[in-house]
Amino acid sequence: MKIAYLEDDTELAATVCDWLRQAEHEVDLFTSGVACAQAVVSRRFDACLIDWLVPDLSGTEVLARLQIKLRQAMPPVIFTTGRDSEEDVVAVLNAGADDYIVKPLSRPLLLARLQAVTRRQQGVAGASLVQDFGRLTVDHGRRQLALDDQLIVLTERETDLALYLFQNIGRALSRKRLIQVVWSLTPDVDTRTVDVHVSILRRKLGLTPEFGWRLISIYGHGYRLEREKDSA
């Protein structure tokens, strides 16, 4: 099994890499969230082992980026973290993680959890999540959006932003988070690129009350995509 491992604690990372290699797994270690996300998007991995708190992109932001970038089924993702509250566990699982292990890590437990999540993934490779909103269809697996059965021509970045918005309907998304997840840039970048892309998506996808949508600008924060109540 080939594993992408994101961890910035060098001592812990060395120990876990030894465990994985002794179990005859291949492991690529990353200390940067951006580097990990880029590698998983561009190369094939059987599983991802991700620490929550790492430089540049947090573990949850890496997960979100993988969800919008990968055309086929994602490899299973296990979070490793010292955060052990029920709220943290629920938040990570609801975000799409397959499992969650609280540090300190145990070699037998870690290897068993890896085997379990990869078994659950067997037979679902290539699965596609399709959201049907009547005249608008969002196919996350193929990274395609269609309006009135006609594919909409979007740039890669517009597609990334659209998929992320539809994965988070009803949630307030800050510009900082959008820049980190969609553009993989540090959040202090001074840019109105997000606002420009949002305006383009409103027009191309018909995200207006006339068609049952509101893509709301939240002053000083970011955006929220909502469905009109009579369109739900």
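Let's start at a turn: strands E7 and E8 form a hairpin with four residues between them, and Arg143 in that turn has a positive phi of about 55°. Helices (H or I, at least four residues) and strands (E, at least two) are DSSP runs, numbered from the N terminus. This is a predicted model, in which local features need pLDDT of at least 70, side-chain atom pairs count only at pLDDT 80 or more, and totals for chains, interfaces and linings use all residues. Residues are numbered from 1 along each chain as its sequence is written, and side-chain values use heavy atoms, with hydrogens and water left out.

Now for the pairing itself. Two strands count as paired if DSSP finds at least two bridges between them. E7 and E8 (residues 144-147) run antiparallel and are joined by four bridges; across from Val138 you'll find Leu145 in E8. E7 (residues 136-139) also pairs with E6 (residues 130-133), again in the antiparallel sense and over four bridges. There, Phe133 has Leu136 of E7 as its bridge partner. The hairpin of E6 and E7 has two residues between the strands, and Gly134 takes a positive phi near 80°.

On to the charged side chains. Side chains of opposite charge can pair when their charged atoms come close. A salt bridge here is a side-chain nitrogen of Lys or Arg within 4 Å of a carboxyl oxygen of Asp or Glu. By this rule, the count comes to 17 salt bridges. Here are some of them:

| Pair | N to O distance |
|---|---|
| Asp160 and Lys69 | 3.1 Å |
| Asp88 and Arg83 | 3.4 Å |
| Arg135 and Asp148 | 2.7 Å |

Take Asp160 and Lys69, which meet in a salt bridge. Asp160 sits in helix H6 (residues 156-167) and Lys69 in helix H3 (residues 59-69), so the pair ties together parts 91 residues apart in sequence. Buried means under 20% relative accessible area, exposed over 50%, and partly exposed in between (1.4 Å probe, protein chains only). Asp160 is buried at 0%, and Lys69 is buried too, at 12%.

In the second pair, Asp88 is buried at 16%, while Arg83 is partly exposed at 32%.

What about Arg135 and Asp148? This pair links distant parts of the chain, 13 residues apart: Arg135 is in the loop between E6 and E7, and Asp148 in the loop between E8 and strand E9 (150-151). Arg135 is partly exposed at 30%, as is Asp148 at 42%. Finally, salt bridges that share partners join Lys69, Arg143, Glu156 and Asp160 into one network.
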